[in-house]
2 protein chains.
Amino acid sequence: MEAVLKYIDHELSDALDRLFELLRIPSISANPAHAQDCRKAAIWLKDYLESFNFSAKICETPGHPIVMAQTLSECSGPHILFYGHYDVQPVDPLDLWTKPPFEPYIKQNEQGEDVIFGRGSSDDKGQILTFLEACRAIYKTTGQFPVKITVILEGEEESGGEHLPDFLASQKESLRPDMAFICDTDMATPDVPAITAMLRGLVGEEVTIHAANRDLHSGLYGNAARNPIQILSELIASLRDGQGRVTIPDFYEGVPDIPEAIRLKWQDIGKTNDALLSPIGLKEAAGEKAFKAIEQTWCRPSCEINGISGGYEGPGFKTVIPAKASAKISFRLVGNQDPLKIRKNFRQFVKDFIPKDCSVEFEPHGASRASMVSLEGPVLEKVSNALKDEWQYETAIVGSGGAIPVVGDLQREFGIESFLVGFANVDDCIHSPNEKYNLRSFHKGIRSWVRILYALRDVNT
Amino acid sequence: MEAVLKYIDHELSDALDRLFELLRIPSISANPAHAQDCRKAAIWLKDYLESFNFSAKICETPGHPIVMAQTLSECSGPHILFYGHYDVQPVDPLDLWTKPPFEPYIKQNEQGEDVIFGRGSSDDKGQILTFLEACRAIYKTTGQFPVKITVILEGEEESGGEHLPDFLASQKESLRPDMAFICDTDMATPDVPAITAMLRGLVGEEVTIHAANRDLHSGLYGNAARNPIQILSELIASLRDGQGRVTIPDFYEGVPDIPEAIRLKWQDIGKTNDALLSPIGLKEAAGEKAFKAIEQTWCRPSCEINGISGGYEGPGFKTVIPAKASAKISFRLVGNQDPLKIRKNFRQFVKDFIPKDCSVEFEPHGASRASMVSLEGPVLEKVSNALKDEWQYETAIVGSGGAIPVVGDLQREFGIESFLVGFANVDDCIHSPNEKYNLRSFHKGIRSWVRILYALRDVNT
């Protein structure tokens, strides 16, 4: 193992070149105009995996393709499944990027540390390459693998992940992994490694309210004609009560209480309101008044407006009352909240809310339950220790506000647990302009996976 | 006069050709990309005016130019000033237009009447050409004009009209008109001609709420971080109370009561809620519950959201909490409401509303008082009778929800009254896709102005 770690240190700049090649492909899955770029990223990954003794193939779906690969050599260890995604978020607002989002570069930060900038550097191309570069280094150094590895890389994680569940179901018989690893999460702090054990689910809904049968002159009709922007605003305002609680009927059904011990532990590792909010320029926690900021993001359900649009949005002014207005609204789910029931109750809430002479259209965007991963067991211990060996800090067990629906899918299809190990940082600006990934995360991330893979060698399954 | 009217009937298709030439110029004043098109429209009008014995010039402003023209021949009648605007509204949403907005065409409606379609056909190019074609026909038939005429055509009416007041002030000494005519309003019904005697003022404000210092992942920060779309929605919802009244302090200061006689008269000419709302696909009046729809648009102040924008608005879904969200909000003013005081009170209202760790930016878009035009006098009577002669229905005195700030400017600079005579119809879709102008409005509008100009000949000033 030491030889592998040395190889990684020595060959880091080559690994970076490979990451940059992948980052240059604008694989934005939400925008149909980038469908060919998604395919290009998939083909790049297939070729790359084949270069270190994986058999890899492009698996077609009705949407973007999935890359599946397996180690060719026999080995006695457990069979682990690694999941990641090669697609990235859209890049607007483009004018807030310092350099073009798909022209990655390295720049020193104020602490003198090297940082990789570019869309996907952290979410998730940089993270998946920590695992794949670890596999590559192991193979290039030793000519074999310590465990059997299956890699599944999807291209729709950032746009609903619609076709992954069917694909996994189709692999149910032939693929029998013992456990899964996912690299799409954060460290607890830039020094403290983390295993993420609580993940929120997600329900997305696009709501369009229609009022008049055409755009109106606001002088000729203002006051008297329904304004769908006004109605939409009132609807959004009514989604939370004075205590910040979501007002949709039965919304909190299935939401578990947070154990006091866990609440206190999070304060211990410095997750105060100020620590979470001051880096983003805010002071007070929004949302539910009864909960701290970290509790609200890790283990409380949310209701967020992700986009709103209506009327004239160009330069200058246009005195129009638009015929329609729309919003993209998402709910993060915890515990046993039922995404389909929440969608149904939300839609009924909206229908009851709007005036009778208006109408509403809904477009669903994903529906996934929250995932719980067990907080003990031999695998968790081995992974935890391997991370501690690399980072020299005790590994923290944390939650995450982001949805990783595949955890539930893997549980359902293969009956296996997922371990979420990631090296991103909270300031990586994922989904935002100037996304970055610390070079330290990339380098020590690769090293961490080598330690984890060797530690898993003698797990009994 | 009869010879002139005959000439108009005979030469209508040539007049239409000229209107179509003007309609083909996309003079959208709100969009800086169309600045050259605005100039092109101004030059077209200058050349056109010169073709029937007006001396015309392009007057530069810091924005779009103003066209000013005067009759060259001497005459004994009063000096009338005609105001119109050659700029048009933006055209989005473009996909709702049946044909491209700047490719005008004529099509029969369900009643078998010819209708002119195209951006600006009604507001205001078609309307200004009713007056100018009347002048042209009089000159081409008689070689002279019955009154002295000054024409002022601006290019910023649809985008705030910022530079017109300074221009008018600069003409104060040299230009001494006795009265003004404006053709930018509707008929009372498709058969009943109207003089518009109540015009609302306008205050426009663009509000941008800033929360976090960058776009955030809604999974990682959802609930805990301020969402500016949520705040903006709550702000908009709070702008009206349960009775539909605007909640900004002192908003209704200076709003006059509506005389009962006028309220009843409007019902007489069929201005019911249903008559106003059913053509646009609505049933109930929005806004203030204490007032009928027509009262709300003609003589009550309004608060409308003309546009809203924030977060991800493209196809698909993006789980983002944006750093900012903005809305374009306008207030229509009546009576003695003070636009600057309302702007100030609105801004204070917003500042008091938003959380302390957020900030707000304002961009002003115009501020004009409401205008009142007297409801009696010899000129009003002559115009009223001239319209009746053409349309064979008693002329109605009505209000209008649209702002025509120039009325106040002309009162202030020249001390003259404006008479608002227009031939548009409520279903002309001004500011909307598929804007139209009935050919009947164009034809009989030209004839109406001939009658009015001849009737004004012997007004004593």
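**Figure 1. Pairing of strand β11 of chain A with strand β11 of chain B.** In this predicted model, Gly311(A) has Gly307(B) as its bridge partner in β11(B). The two strands, each spanning residues 302-311, run antiparallel and are joined by 5 bridges.

**Figure 2. The interface between chain A and chain B.** Contact between the chains involves 93 residues of chain A and 93 residues of chain B. The size of an interface is often expressed as the accessible area that is lost when the parts come together. Here the area buried between chain A and chain B is about 7800 Å², and carbon and sulfur atoms give 53% of that area. Asn223(A), Ile280(A) and Phe317(A) together supply 11% of the area that chain A buries against chain B, more than any other three residues.

Figure 3. Between chain A and chain B, 58 residue pairs are in polar contact, with both residues at pLDDT 80 or more. On the side of chain A that touches chain B, strand β11 (residues 302-311) gives the most, with 10 residues. The residues on this side of chain A comprise 38 nonpolar, 31 polar and 24 charged. The number of salt bridges between the two chains is 2. A salt bridge is formed by the side chains of Arg226(A) and Glu284(B), with an N to O distance of 3.0 Å.

**Figure 4. The rotation that relates chain A to chain B.** Chain A is superposed on chain B by a rotation of 180° with a shift of 0.1 Å along the axis, giving an RMSD of 0.1 Å. The two copies are therefore related as by a two-fold rotation axis. Among the residues of chain A, Ser233(A) comes closest to this axis, its C-alpha lying at 2.1 Å. Of the interface residues of chain A, 100% are also interface residues in chain B, so the copies meet through the same surface.

Figure 5. In chain A, Asp92(A) and Pro93(A) are joined by a cis peptide bond with omega of about 0°. Pro93(A) is located in the loop between β3 (79-85) and β4 (105-108) of chain A. In chain B, a cis peptide bond with omega of about 0° links Asp92(B) and Pro93(B), and Pro93(B) is placed in the loop between β3 (79-85) and β4 (105-108) of chain B.

**Figure 6. The backbone at Gln392(A).** Gln392(A), a residue other than glycine, has a positive phi value near 65°. The loop that holds Gln392(A) lies between α12 (378-391) and β16 (396-400) of chain A.

Key. Residues are numbered from 1 along each chain as its sequence is written. Chains are lettered from A and ligands numbered from 1 in the order in which they are written. This is a predicted model: local features need pLDDT of at least 70, side-chain atom pairs count only at pLDDT 80 or more; totals for chains, interfaces and linings use all residues. Side-chain values use heavy atoms; hydrogens and water are left out. Contact means heavy atoms within 4.5 Å. Buried area is the accessible area (1.4 Å probe) that two parts lose on being put together, summed over both. A salt bridge is a side-chain nitrogen of Lys or Arg within 4 Å of a carboxyl oxygen of Asp or Glu. A polar contact is a pair of N or O atoms within 3.5 Å; within protein, one must be able to donate a hydrogen and the other to accept it, and residues adjacent in sequence count only if both atoms are side-chain atoms. Helices (H or I, at least four residues) and strands (E, at least two) are DSSP runs, numbered from the N terminus. Ala, Val, Leu, Ile, Met, Phe, Trp, Tyr, Cys and Pro count as nonpolar, Asp, Glu, Lys and Arg as charged, and the others, Gly among them, as polar. Two strands pair if DSSP finds at least two bridges between them. Copies are superposed by least squares on the C-alpha atoms of residues with pLDDT of at least 70 in both.
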